[in-house]
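Q: Please take me through the salt bridges in this structure. I want the partners, the distances, and how open each side chain is.

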Amino acid sequence: MFDLRDLYQEVILDHNKRPRNFGQLARPDRSAEGYNPLCGDRLTLQIEFDGDVIRDVAFDGSGCAISKASASLMTESVKGKTLDEVRALFEKFQAMVTADAEVEPDADALGKLSVFAGVRAYPARVKCAVLAWHTLRSAVEGADDVATTE
């Protein structure tokens, strides 16, 4: 079972304090808004494409450490990936954070993202971890609605 120290591992704290790809893109091809009504986390995600490959991605907004770190790590993970690869990664991440606590994360498939396996022990925190991912899915699909965790 995870405890609170596992949840806020060094990687999560680092990405919260120094988020990667934080800001705005000069010429995004798509963007999406995300909102977690449970805790008030908000973010805007912007993507530049090269065909069906994510060339660049950035996010802006405010939220808790888990939300911001998840967005930071997600943006690092999806750069250079095709849309099909991004969709598959979304599914793997979603499955990991909602799996039983005893299930080991697939570190080979998820890399640093596997640090978020700890949120499974804190159901309210799962929504913080998946906000950026739902917002990414909305941007990829060109959805007009605000992505939410509800």
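**Salt bridges, pair by pair**

A: Start with D14, which is buried, at a relative accessible area of 19%. Here buried means under 20% relative accessible area, exposed means over 50%, and partly exposed lies in between (1.4 Å probe, protein chains only). This is a predicted model, in which local features need pLDDT of at least 70 and side-chain atom pairs count only at pLDDT 80 or more, while totals for chains, interfaces and linings use all residues. Residues are numbered from 1 along each chain as its sequence is written, and side-chain values use heavy atoms, with hydrogens and water left out.

Now the partner. D14 forms a salt bridge with R18. The closest N and O atoms are 2.6 Å apart. A salt bridge here is a side-chain nitrogen of Lys or Arg within 4 Å of a carboxyl oxygen of Asp or Glu. R18 is exposed, with a relative accessible area of 51%. In general, side chains of opposite charge can pair when their charged atoms come close.

Next, E76 and R20. Their side chains meet in a salt bridge at 3.9 Å, N to O. E76 sits in helix α3 (residues 65-78), and R20 in the loop between α2 (10-17) and β1 (30-36), so the pair ties together parts that are 56 residues apart in sequence. Helices (H or I, at least four residues) and strands (E, at least two) are DSSP runs, numbered from the N terminus. Both side chains are partly exposed: E76 has a relative accessible area of 37%, and R20 has 25%.

These residues also belong together. D14, R18, R20 and E76 are linked in a network of salt bridges.

Move on to helix α4 (residues 83-98). R87 and D84 form a salt bridge there, at 3.4 Å, N to O. They are three residues apart in the helix, which means a separation of about one helical turn. R87 is partly exposed, at 39% relative accessibility. D84 is exposed, at 57%.

What is the total? Searching the whole structure finds five salt bridges. Those described here include R18 with D14, E76 with R20 and R87 with D84.
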